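Hello,

Here is the structure for your files.

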Amino acid sequence: METAPKPGRDVPPKKDKLQTKKKKPRRYWEEETVPTAAGASPGPPPNKKNRELRPQGAKSTHILKKSRISKKPQVQKKPREWKNSESQRSLSGAQDPFPGPAPVPVEVVQKFCRIDKSRKLPQSKAKARSRLEVAEAEEEETSIKAARSELLLAEEPGFLEGEDGEDTAKICQADIVEAVDIASAAKHFDLNLRQFGPYRLNYSRTGRHLAFGGRRGHVAALDWVTKKLMCEINVMEAVRDIRFLHSEALLAVAQNRWLHIYDNQGIELHCIRRCDRVTRLEFLPFHFLLATASETGFLTYLDVSVGKIVAALNARAGRLDVMSQNPYNAVIHLGHSNGTVSLWSPAMKEPLAKILCHRGGVRAVAVDSTGTHMATSGLDHQLKVFDLRGTFQPLSTRTLPHGAGHLAFSQRGLLVAGMGDVVNIWAGQGKASPPSLEQPYLTHRLSGPVHGLQFCPFEDVLGVGHSGGITSMLVPGAAEPNFDGLESNPYRSRKQRQEWEVKALLEKVPAELICLDPRALAEVDVISLEQRKKEQIERLGYDPEAKAPFQPKPKQKGRSSTASLVKRKRKVMDEEHRDKVRQSLEQQQELQQQKEAKTKPTGAWPSALDRFVR
């Protein structure tokens with residue numbers, strides 16, 4: 001019985017009728033290739049493994065080696081053409097009318113750009129310049145990706161719009177609840193807690209949990225969306241303020257005497273006695289700092305990650321009961337009884353800036369999420385909006401009948417003011433624009449005087465704490481509709497929260513980096529650099545970074561004589577001198593042109609005597 005020869009030997013395999021009939025079909029994306037033998041099917045060139053397994057003689061292998069070396073560029077081009085044809089054509093065979101990535105508008109890219117290319121580092125070396133170019137290229141690519149990914153944010157903020165000539169301030173909460181869907185209507189509720197009020201409240205960073213504390217010791221935390229109670233205790237002491245820490249698992253309560261830390265089960269974890277007589281609390285999430293303002297006039301920064309006090313600053317302004325933080329640069333704003341607002345950082349013992357805002361004492365301070373506008377209210381019944389971008393000048397002013405005791409900004413730039421038992425909300429043109437104080441956007445009357453205000457993150461909800469309990473109001477267009485799932489995810493699980501907490505601790509920003517302009521940290525202090533260089537030259541007696549004098553290389557065959565070396569040195573010195581003279585002439589010409597442009601009147605007809613002007 002005859003057996004077929006195995007592949008890999010010198011005897012070629014016999015072709016039967018079945019092998020000749022089976023032919024590999026050619027796809028539309030594959031190009032036709034010239035068959036090497038009769039009956040060979042078209043297709044891409046075989047790979048290296050198939051070549052090794054194919055039975056061939058010594059002569060044929062020698063020919064293949066030659067062709068492989070000579071046709072190496074052609075083998076590389078074929079897969080590229082196949083990829084391009086695949087990307088340009090669809091399954092139906094039609095070509096893509098819009099090949100390549102989608103274009104991104106320049107205005108959208110500029111919104112995410114963080115590097116100013118017009119400002120260049122003076123006297124930068126080649127190595128530093130190359131690094132800066134790489135950083136600029138990466139920043140440009142990142143901004144383009146961010147602008148392109150913005151198209152995926154499908155949710156859009158909406159506002160309450162009345163009919164022709166209708167004032168939206170006259171629309172009450174009952175009408176809004178009837179107009180919205182069932183899920184949004186469930187977000188409006190009232191908690192009747194008259195026994196332990198008035199209340200201060202705080203939302204977590206994800207906007208899912210709510211904590212509130214009453215003046216008579218009632219402390220509670222709940223998931224306000226599902227109305228599931230997490231904990232409820234009575235500390236048997238007056239509660240002045242309450243704040244969530246980096247997550248909803250920890251809670252800071254400023255009680256009558258000391259500062260206490262509780263978990264989400266109501267168990268007391270810490271009692272910090274160095275923070276006594278605390279009136280207001282603010283938590284800086286990216287720095288893990290808890291800022292406390294006390295009756296004794298001290299501003300204290302507590303690092304909750306290690307449990308140490310970073311700084312204790314004496315404001316020298318008496319009792320501190322007005323405090324707010326700037327979410328953009330983590331600067332603390334303190335309001336004082338002399339009508340000024342001071343800006344503080346834990347790295348400085350003196351205030352970064354002082355702003356004279358009112359003729360009387362300051363009652364409330366609030367800063368928007370972009371860090372560009374600050375709203376203040378004082379005893380003179382004035383409500384002012386200031387520009388924090390270096391000018392510190394008031395943009396708009398409004399006189400209120402009773403004065404605002406509490407202020408708060410939303411994520412979209414809405415401003416709310418609590419005046420007695422009335423809450424007024426003003427809206428602006430957009431997120432970075434100041435609110436217009438001419439006409440209120442919404443108005444609501446409560447059952448008791450307002451004691452605390454805060455907008456819920458990522459929800460069109462305003463939480464109000466008053467003497468009668470807690471009220472959750474619906475404010476259309478108040479919150480940012482799209483959230484970052486890796487930073488503040490309202491639907492995260494316990495495992496995701498734990499992983500986020502570890503990542504946030506690894507990326508914690510040091511307290512020493514808090515300043516007015518956080519972008520100045522990435523810039524070079526040119527003045528200090530020049531001063532340091534001058535001191536180094538004075539200390540050493542020479543400039544170590546100066547250009548070394550030209551030393552000609554020695555040549556052979558008698559061409560390194562003293563006269564030839566002097567000639568070559570003089571030639572190089574003359575070239576450097578010519579370059580300096582050329583640069584100075586160009587600078588003089590530019591200055592002359594600028595002077596002529598200033599002196600020559602615009603729109604004047606040329607005169608025939610201009611040719612004699614020198």
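Two strands count as paired if DSSP finds at least two bridges between them; strands (E, at least two residues) are DSSP runs, numbered from the N terminus. By that rule β1 pairs with β28 (residues 469-474), the two running antiparallel and joined by four bridges. Serine 472 in β28 is the bridge partner of phenylalanine 189.

The model is predicted, with local features needing pLDDT of at least 70 and side-chain atom pairs pLDDT 80 or more, while totals for chains, interfaces and linings use all residues. Numbering starts from 1 along each chain as its sequence is written, and side-chain values use heavy atoms, without hydrogens and water.

The open sheet has four strands, in the order β1-β28-β27-β26, with antiparallel pairing. β1 (189-192) and β26 (450-455) each have a single partner strand, so one side of each lacks a neighbour in the sheet.

On aromatic pairs (ring centres within 6.5 Å; planes under 30 degrees apart are stacked, over 60 edge-to-face, the rest tilted), the whole structure gives five. Phenylalanine 159 and tyrosine 441 are edge-to-face, at 5.8 Å centre to centre and 75 degrees between the planes. These two residues are 282 apart in the chain. Burial is by relative accessible area (buried under 20%, exposed over 50%, partly exposed in between; 1.4 Å probe, protein chains only): phenylalanine 159 is partly exposed at 38%, and tyrosine 441 is buried at 7%. Ring pairs also link Phe458, Phe483 and Tyr491 into a cluster.

Regards

Conventions
Rings of Phe, Tyr and Trp (its six-membered ring) pair if their centres lie within 6.5 Å; planes under 30 degrees apart count as stacked, over 60 as edge-to-face and the rest as tilted.
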